[in-house]
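Thanks for making time this morning.

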Amino acid sequence: MIRPFPLLVLLLSTAMATAPAASQPSEAADAQGAKSTPSLQTRVTDKAQQMQQRNDQWQQQQLSQQRHTKATTAELKTTLAARQAQLTALKADLVALQAQKSELEQQKQAAQADLSLVQTSYQQMLSAMTQRWQRSLTRYLAPQRAQWLQQQLAQPHFPAIAELEQLIQFALADMRYTGQINHAQAPVLQDNGKPAATALTILGSAMAIGDQAQQLGLVDGQDNRFIGVSDDLASAQQQWLSGTSPTLMLDVSQGALLPLLAEPQSLLQTLRQGGELLWPLLAVAAAGLITLVVCAVRLFYWQPLGANVDSPTPQQTISGRQPAAAVLRQAASHQDLQGMDYALKQGMLKQVGRFERGLALVALLAALAPMLGLLGTVSGMIETFQTLTQFGNSEPKLLSGGISKALITTQVGLVIAIPLLLLLHPLKRRAQRLTLDMEQHGAWLLAQRAETAASGVSSSLTAATGTPS
């Protein structure tokens, strides 16, 4: 704050300093200044009084403003404290609301998970019931059921109470149908693939007897197909329907064996189901069979020299069906014992190779056939599980059907390998017999030559010494 008192003193000092300076020029000026001094002092005094009054007013204004500022500051502090208390309360409320929000979100997620589980369970149940009822014989008694299920599956949604009640009604009706004998009219496919009106007698879920154009037969509920039966079975069905016979032959497989009754699977169809690896197996079987026939003809065409190894001589006439004769004849052409032994070993090795030619190939093919069959089975299993992974399937029968098809190659491989091994054993025994016969006669020939050589040496020594032997 600027005080007015120093300013007033400064003005008075300035006025007094200028007064002597103005009186120096002349005495006249001094006299005139002496006259004007009271008026200047009067003005200065008036001015000082005015400035004092203004200063007092300014001080009063400053004091008033200070009092107003203090009052305003106190009021603002009070308001600030109140707002801070309010903010603290709001923060506490916000924390509580956030905790409540988190709890509500958890409840919402749990509710959504429950709703999703209910919807998923409902859709799975619809799918399972659809697959079951499509093959059930009770579908002829409730044709509207399949249409309703298709509509529900076409638009996945959360089920309403009315829809759940409708599904329960269908299930209860199906349970009643499975314990009753019912009659119905429905179009069933004939052998030519065209539908024809058929009178059905449905025995629960066990079987359905169809009367199509005065011809009795069974109805395959899975394919909606009429299957003709033998005359004896048709007569028994007619007697039971007319009430003259209390006995009726039931299909205990519940329709599972009807496709086999309608279309018995031929050997060619079974081979086609085996896949691409079945053809290499058939090639292995053909190669093994041809090799076995060739080896059997060759081994049984050849004959051993005989059981008596002391009677024959290499020089006597031997049949061409005795391959060991050529070996013995070639060995007998050598005069020295060492040359004969070398010739026998060389000839025997060559002839043993001829005896065993082709047998190793048959053994290889017999071991290869099961491996190829196992490879085909593994490939079929991989394809089956890939299909299940992509499309999914809750029906175990379809999975078992794919596995049974995959096992065809293993079955064929074993069917090929077992006969090859069984037929290979007598051929090996035949080759071993021919080899043993040739070795026996070779040993006999070496013994004879050694004995002859020893006799010759003894005779030479006797002649040289003159001592009788």
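Leaving aside residues up to four places away in sequence, T130 touches L149, Q150 and L153. Please keep in mind, as I go on, that this is a predicted model. T130 itself has its place in helix α2, which runs over residues 27-135, and because its relative accessible area is 7%, under the 20% cut-off, T130 counts as buried.

Let me turn to the pairing of helix α3, residues 143-154, with helix α4, residues 161-178, which pack at an angle of about 145° with their axes 12 Å apart. The crossing in which α3 passes α4 is left-handed. On the α3 side the residues that meet α4 are Q144, R145, W148, L149 and Q152, and their partners in α4 are E163, Q166, L167, F170 and D174. Sorted by class, that contact consists of four nonpolar, three polar and three charged residues.

Now to confidence. The average pLDDT of the chain is 78, and 78% of the residues score at least 70. Confidence is highest in helix α8, residues 278-301, at a mean of 90, and lowest in helix α1, residues 5-23, at 49. Residues 1-6 have a pLDDT below 50, and the model gives this stretch six contacts beyond near neighbours in sequence. Over residues 17-26 the pLDDT likewise stays under 50, with three contacts beyond four places in sequence. Where pLDDT is low, predicted coordinates should not be read in detail.

Note on methods. Residues numbered from 1 in each chain as written. Predicted model: local features only at pLDDT ≥ 70, side-chain atom pairs only at ≥ 80, totals over all residues. Heavy atoms only, no water. Axes fitted to C-alpha atoms, helices over the stretch in contact; angles between N-to-C directions. Helix = DSSP H or I, 4+ residues; strand = E, 2+ residues; numbered from the N terminus. Left-handed = near helix turned anticlockwise from the far one by under 90°. Contact = heavy atoms within 4.5 Å. Nonpolar A, V, L, I, M, F, W, Y, C, P; charged D, E, K, R; others polar. pLDDT = per-residue confidence, 0-100. Buried < 20%, exposed > 50% of the residue type's maximum accessible area, 1.4 Å probe, protein only.
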